[in-house]
Amino acid sequence: MFVLVNLIVMLGMLVVVPAGLRLVDPVRLALVRRMWPLFAVPGAVALWLPRGPAATALAVVYALGTLLLAAQAPRRLVRTRSLAPAEIAVLTALAAPSVAGLALVSERTGYELFGFTLPILALTVPHFHFAGFTAALVAGLVCGAAAGGLARFAALSVPLGTLTVLAGYFVDDWAELAGALVLTAGMWAVALLTWRDVRGAERDPYTRALLAVSAAVLVATMLLALSWAVGQAAEIPHPGLTWMAATHGLGNALGFALCSVLAWRRIKDMKESAV
């Protein structure tokens, strides 16, 4: 699980986040995007070092990058003065990696922050790159492309579910399950809208294929997440963390996150070339 989780986190740090920033605002976030490798590369190296001062120092560098990204959220809010559902989702995406950065520093230090075990802190890092950043970003993009109440529900429930899961860490497994239910409902709404509205409006076969994969994978991976949360709360048999990393984690990273950002990048590029 150690190797797999690290590879998933590296995909988020080095590929998904910078690709996602181009989808948020390629002009105003251009400087942050150009600087991102200066933070992400040390963070990726920190994953593979033994816990200690060197790994901690590199993790701190990455955490500073996530704080720089989080600082763009209030700046965007001041500029747009909007709390529309799609905007709330984008603001959540900008802020979420900072939670991952804090968890990474704590885990690389070997300090059980707020009493969380080191394995849980290690898994918090990918969670807030993919469920936090990517899922919220895609929900916001889908809300901007598909009109209606379901789109607004998706854009609001994904950030709400992610934050409720985070709050559940501090409360109990039942609170975490409540967050998982909200997040799953939101992500399934994203999957449905992606398949029906976004994919349905595209003519490019490669873009349609990427959107189809992201929607289909999302249904399966969130079902796994829900089964794990139910098992934890009700203390009934459920998949272990290693199995979840190999299925839910890998599926979300490759099938949902990577396919989604590639598809939306193609959509954005084709719209710009048509202007």
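I looked along helix α1 and found a kink of about 35 degrees, centred on Gly12. I note that the model is predicted.

I then checked the length of α1, which covers residues 2–24. Its 23 residues should span 33 Å at 1.5 Å a residue, and the end C-alpha atoms lie 31 Å apart, so the two values agree.

Next I took the pair α3 (residues 53–70) and α4 (residues 72–80). I found that their axes come within 4 Å and cross at roughly 10 degrees. On the α3 side I listed Leu68, Leu69 and Ala70 as making the contact, and on the α4 side Gln72, Ala73 and Pro74. Sorted by class, this contact has five nonpolar residues, one polar and no charged ones.

I looked up Ser260 and placed it in helix α11 (residues 241–274). Its relative accessible area is 2%, so I marked Ser260 as buried. With neighbours within four places in sequence left aside, I found Ser260 in contact with Val138 and Ser214.

Last I turned to His127, which sits in helix α7 (residues 118–145). Its relative accessibility is 19%. Buried means under 20%, so His127 counts as buried. Not counting residues up to four places away in sequence, I recorded that His127 touches Gly132, Val165 and Tyr169.

Technical notes
Residues are numbered from 1 along each chain as its sequence is written. This is a predicted model: local features need pLDDT of at least 70, side-chain atom pairs count only at pLDDT 80 or more; totals for chains, interfaces and linings use all residues. Side-chain values use heavy atoms; hydrogens and water are left out. Axes are lines fitted to C-alpha atoms, for helices over the stretch in contact, and angles run from 0 to 180 degrees between N-to-C directions. Helices (H or I, at least four residues) and strands (E, at least two) are DSSP runs, numbered from the N terminus. Contact means heavy atoms within 4.5 Å. Ala, Val, Leu, Ile, Met, Phe, Trp, Tyr, Cys and Pro count as nonpolar, Asp, Glu, Lys and Arg as charged, and the others, Gly among them, as polar. The expected span of a helix is 1.5 Å times one less than its number of residues. The bend at a residue is the angle between axes fitted to the seven residues ending there and the seven starting there. Buried means under 20% relative accessible area, exposed over 50%, partly exposed in between (1.4 Å probe, protein chains only).
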